[in-house]
Amino acid sequence: MKKDDMLEITIEDISSDGSGVGKADGFALFVKDTIPGDQVKVKIMKMKKRYGYARLMEILVPSPDRIQAPCPVARQCGGCQIQQMSYERQLTFKENKVCNNLRRLGGLDLSAMEVEPICGMEEPFHYRNKAQFPIGRDKNGKIIAGFYAGRTHSIIANTDCLLGAEENEAILNEVISWMEVCKVEPYDEKTGKGLVRHVLIRKGFTTKELMVCLVINGRKIPQVEKLVDRLQKIEGMTAIMANVNTEQTNVILGKEIQPIWGQDYIEDYIGNVKYRISPLSFYQVNPVQTEKLYGKALEYAGLTGKETVWDLYCGIGTISLFLAQKAKQVYGVEIVPPAIADAKDNARRNGIQNAEFYVGKAEEILPHKYETENVKADVIVVDPPRKGCDEALLETIVKMQPERVVYVSCDSATLARDLKYLTANGYKAERLATVDMFPMTVHVESAVKLVRENQRIETRVK
């Protein structure tokens, strides 16, 4: 096989990035926009020693799980890698992905665990409470908002993303209309000129509050009162502001926020805990599923009101404040200072006094506290980034011997690696929950309950 060869193959699997995987002459071929069961004609684009990449040319026989993607620009945009797959099949794929990684990479015997059915969504669209739309011009010079096509900075025009809040379209239409009428230029990456770079929109799903933040290449917005007049008429509008970013960079947000109208934040709830959200705040984008995931973490923590809990990679304290309602004391650790400031503020606003927060790397703070202050933990909760936990942190967890560890993960491959370490050092994985936080994409979250082995023996003896 060589570049430009045309082949007919059957797609058998999906890769971690959402590409279909088929085989030809023993070689694995990765083909975007395909799903298992598709019989397709493809064109070889690149070959490596053991695998290659091919472009979908024609679907000869569609998979029984294939549907018409509801979004007309799904293929060009690439943000929804598996929108062309039935939602039922998406859930099966994600469940299998987590379980297979835990078996293959973590060496876990899932038959010895309680593996709960994946928690999907009743309505798997319009679930995102945050969206960032780049602003530019199309080839005809018209101002557009949308998303970058995969691995490019070419904007696919789309003001009605089916994953975002339904109010996004009305907001973007008003911003674009104002720019056209008031002759406000979109930012041009090539020249570094133009004013409006992105429009950030956030929504409180419980409170129905809306935030609009224009990311600007400058310090002043011309005729801003006309923009405010348009946006404040949209029901739920609570906060309008600007974010200054004059750097020639791929980073979307700058550090400076300029209030324009209304509040400089919105509020929302997860369960009965209220969170204040600013443009720079980290906050889970799917509040409906977040409540289910954190509910599982709370259940797995098994709190009675007597426990000391450490919540590592705590962000703005979302899990910490959930846990604090049923724990004796919670300590949260997060490397991002503004997130810790938000966590402390959220604790104060909710009247939660048994949560304390530290700024720093979890893999440095916890070992230091353990070595110098001999801190204890009955339960440790970790919710690390995709790279998983640092081994120094895992070593400290094992030394501290908490009765239970709850591992919340956004990447089942690094979850499996870390569980392999913990289960080789005195812990047993007892329960697994998988939650579909990101329908139409390949991403999935999971939570695992681990118990200290001698604790299980003591419990049985009693």
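Modeller: We begin with the elements: helices (H or I, at least four residues) and strands (E, at least two) are DSSP runs, numbered from the N terminus. This is a predicted model, in which local features need pLDDT of at least 70, side-chain atom pairs count only at pLDDT 80 or more, and totals for chains, interfaces and linings use all residues. Residues are numbered from 1 along each chain as its sequence is written, and side-chain values use heavy atoms, with hydrogens and water left out.

Biologist: Where is Glu116 found, and is Glu116 buried or exposed?

Modeller: Buried means under 20% relative accessible area, exposed over 50%, and partly exposed in between (1.4 Å probe, protein chains only). Glu116 lies in the loop between strand E6 (114–115) and strand E7 (130–137). Its relative accessible area is 12%, so Glu116 is buried.

Biologist: Which residues does Glu116 touch?

Modeller: Contact means heavy atoms within 4.5 Å. Not counting residues up to four places away in sequence, Glu116 touches Glu95, Lys296, Tyr300, Arg431, Leu432 and Ala433. With one of these, Arg431, the side chain of Glu116 makes a polar contact through the partner's side chain, at 2.9 Å. A polar contact is a pair of N or O atoms within 3.5 Å; within protein, one must be able to donate a hydrogen and the other to accept it, and residues adjacent in sequence count only if both atoms are side-chain atoms.

Biologist: How should I read the buried residues of helix H4?

Modeller: An α-helix has 3.6 residues a turn, so residues three or four places apart point the same way. In H4 (residues 224–231), the buried residues are Leu227, Val228 and Leu231. They cover an arc of only 100° around the axis, and therefore lie on the same side of H4. The arc is that of the directions from the helix axis to the C-beta atoms. These buried residues pack against helix H3 (168–181) and strands E11 (210–216), E12 (237–244) and E13 (256–262).

Biologist: Which residues touch the most other members of the largest nonpolar core?

Modeller: A nonpolar core is a set of buried Ala, Val, Leu, Ile, Met, Phe, Trp, Tyr and Cys residues joined through side-chain atoms within 4.5 Å. The largest one has 133 residues, and Leu214, Trp310 and Leu312 touch the most other members. E11 gives the largest share of this core, seven residues. A second, separate core has eleven residues, including Leu7, Ile11, Ala24 and Leu56.

Biologist: Which backbone angle does His126 have, and how exposed is it?

Modeller: His126 has a positive phi of about 55° although it is not a glycine. His126 is found in the loop between E6 and E7, and is partly exposed, with a relative accessible area of 23%. Lys183 also has a positive phi of about 55° without being a glycine. Lys183 sits in the loop between H3 and strand E10 (196–203), and counts as exposed at 68% relative accessibility.

Biologist: Where is Gly26 found, and is Gly26 buried or exposed?

Modeller: Gly26 is in the loop between strand E2 (20–24) and E3. At 68% relative accessibility, Gly26 counts as exposed. The C-alpha atoms of Gly26 and Met179, 153 residues apart along the chain, are separated by 55 Å.
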